[in-house]
Structure formats: structure tokens, C-alpha cells
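User: I've got this model open and want to talk through how it's put together. Can you take my questions one at a time?

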Amino acid sequence: MLESIGYCRLSIYTGNIAIVVIFGAFTMHTIIPNESAMLLFAADIAQSLKAGSVVFLEGDLGAGKTTIVRGILNSFGYTGAVKSPTYTLVEPYILAEQQLYHFDLYRLGDPEELEYMGGRDYFDSNAICLLEWPEKAEGFLPTPDLRVFISYHANGRKIEIVQ
Ligand code: ADP
Ligand code: MG
């Protein structure tokens, strides 16, 4: 569902990238030094997304998950505010050419709650689904097309992408 994210574009940001191909999947590591570079990085991710793509964004509070969502939305032409839907759990965005759902499952008490809120309808739609804290709904989510792991690093954030 996703096209590969090119080595060349990503190397602009860091010059320090490893791509490991294992059984057809790939993992990529990079260090992103600040928020604006994070938004550019997210724009690259956006280029590889298609209708129905599911992306897991994993990392601690403050890691930069919502920043990546904002970068993706910006690259689809959305310039409004983007906040994690911590209490509502999901925020819909109807964009010019694409519908997108941004989930923040941090406060999901029980994975089954996702069923009650009509989780499957979101995933079965043709929308792009971006999920923060997917680990809170383990077993109730579709297989992601892309997983983005973000962690704190002395020089910004370390990102690992698994496709
Ligand atoms: P999360 O959604 O994971 O809780 P946010 O996206 O809200 O995190 O980001 C938290 C903070 O981290 C924001 O102040 C943002 O500007 C900052 N930030 C995002 N990406 C980076 C980065 N690559 N390096 C340093 N700070 C970053
Ligand atoms: Mg967030």
C-alpha cells in the first residue's frame, strides 16, 4: 500500500541513515534535529500515503507524534490547528483530496472501547488513519502499512520507520 520512502530525500535532513532490508520489509533510522525538520520529514511520509493507509506513531509523551500528524496534514494542504484528540480519541479531517482520521488512544481504557466507538468503520473507510498510542488498542487494529517509532535523542529525536 505504500511506496518506499527514498534514501536520497531523507538523507537531506541528516546524512546519517541506515536502511536495512529484511525479508521485503525495511527499517530506517534517522535523527531529526528539531520541529521544522520533523515537519519536512512528515511531508515525505505523506507522499507515500494512499487512501486507506494506516500509520502507527509510537513514542513517549512529547516525542513528536502529533508533530508528524501536523506535517502530514500540512502537506495535504491543511493549515489549521492540530491537537491530539486526547479526550475525543479521534479527530476527522476532510481534506481536498483525502479524508484522514487522527487517533490518540492514550486514554483508551480498554481496547474494546474502540469497537463501541465504531473503530472498524474508520479503518474500513478509504480514509488515511494515523494513530498515536496504537499499543493501547492492541488486537483491535488493522495491520499498519507503516510504523514510526520516535524516541528522545541528545540531538533531537530518533526515528525508526518500519514498513
Ligand atoms: P507527542 O504527540 O508525541 O506527545 P508532540 O508532537 O506534541 O508530541 O511534540 C512535543 C514537542 O516536541 C513539541 O514541542 C515539538 O515541537 C517537539 N518536537 C517535535 N519534533 C521534534 C524534534 N525532531 N526535535 C526536537 N523537538 C521536537
Ligand atoms: Mg500527541
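This is a predicted model: local features need pLDDT of at least 70, side-chain atom pairs count only at pLDDT 80 or more; totals for chains, interfaces and linings use all residues.

User: At what angle do H2 and H3 pack?

Analyst: Two packed helices are described by the angle between their axes and the distance between the axes. Here H2 covers residues 35-47 and H3 covers residues 65-75, with the axes 7 Å apart. The angle between them is about 60°. That makes the arrangement of H2 to H3 oblique.

User: And what is the handedness of the crossing of H2 and H3?

Analyst: On the H2 side, the contact includes Glu-35, Met-38, Leu-39 and Phe-41, and on the H3 side it includes Thr-67, Ile-68 and Arg-70. As H2 passes H3, the crossing is right-handed.

User: How many residues of the contact of H2 with H3 are nonpolar?

Analyst: H2 also brings Ala-42, Ala-43, Ile-45 and Ala-46 to the contact, while H3 also brings Gly-71, Ile-72, Asn-74 and Ser-75. Setting aside four polar and two charged residues, the nonpolar count is nine.

User: Which element gives the largest share of the shell around ligand 1?

Analyst: There are 16 residues around ligand 1, and the closest are Gly-64, Lys-65, Thr-66, Thr-67 and Gly-156. H2, H3 and E8 (156-162) each put in at least two residues. The largest share is three residues, and it comes from H3.

User: How many residues of that shell around ligand 1 are polar?

Analyst: Four residues of the shell are nonpolar and four are charged. The polar count is eight.

User: Where is Leu-89, and what is its phi near?

Analyst: Leu-89 is in the loop between H3 and E4 (90-94). It's buried, with 22 other C-beta atoms within 10 Å. Its phi is positive although Leu-89 isn't a glycine, and the value is near 70°.

User: What about Trp-133: what is its phi?

Analyst: Trp-133 lies in the loop between E6 (128-132) and E7 (146-153). It's buried, since 21 other C-beta atoms lie within 10 Å, and the cut-off is 20 or more. Trp-133 is another non-glycine with a positive phi, about 55°.

User: Stepping back, what percentage of contacts between residues at least 6 apart in sequence join residues at least 24 apart?

Analyst: The chain has five helices and eight strands, in the order α-β-β-α-β-α-β-β-α-α-β-β-β. Of its 163 residues, 31% count as buried. As for those contacts joining residues at least 24 apart, the share is 67%.

Conventions: Residues are numbered from 1 along each chain as its sequence is written. Chains are lettered from A and ligands numbered from 1 in the order in which they are written. Axes are lines fitted to C-alpha atoms, for helices over the stretch in contact, and angles run from 0 to 180 degrees between N-to-C directions. Helices (H or I, at least four residues) and strands (E, at least two) are DSSP runs, numbered from the N terminus. Angles under 35 degrees count as roughly parallel, over 145 as roughly antiparallel, 65 to 115 as roughly perpendicular and the rest as oblique. A crossing is left-handed if the near helix is turned anticlockwise from the far one by less than a right angle, and right-handed if clockwise. Two residues are in contact if their C-beta atoms, placed from the backbone, lie within 7 Å. Ala, Val, Leu, Ile, Met, Phe, Trp, Tyr, Cys and Pro count as nonpolar, Asp, Glu, Lys and Arg as charged, and the others, Gly among them, as polar. A residue is near a molecule or strand if its C-beta atom, placed from the backbone, lies within 6 Å of it. A residue is buried if 20 or more other C-beta atoms lie within 10 Å of its own, exposed if 12 or fewer, and partly exposed in between; C-beta atoms are placed from the backbone.
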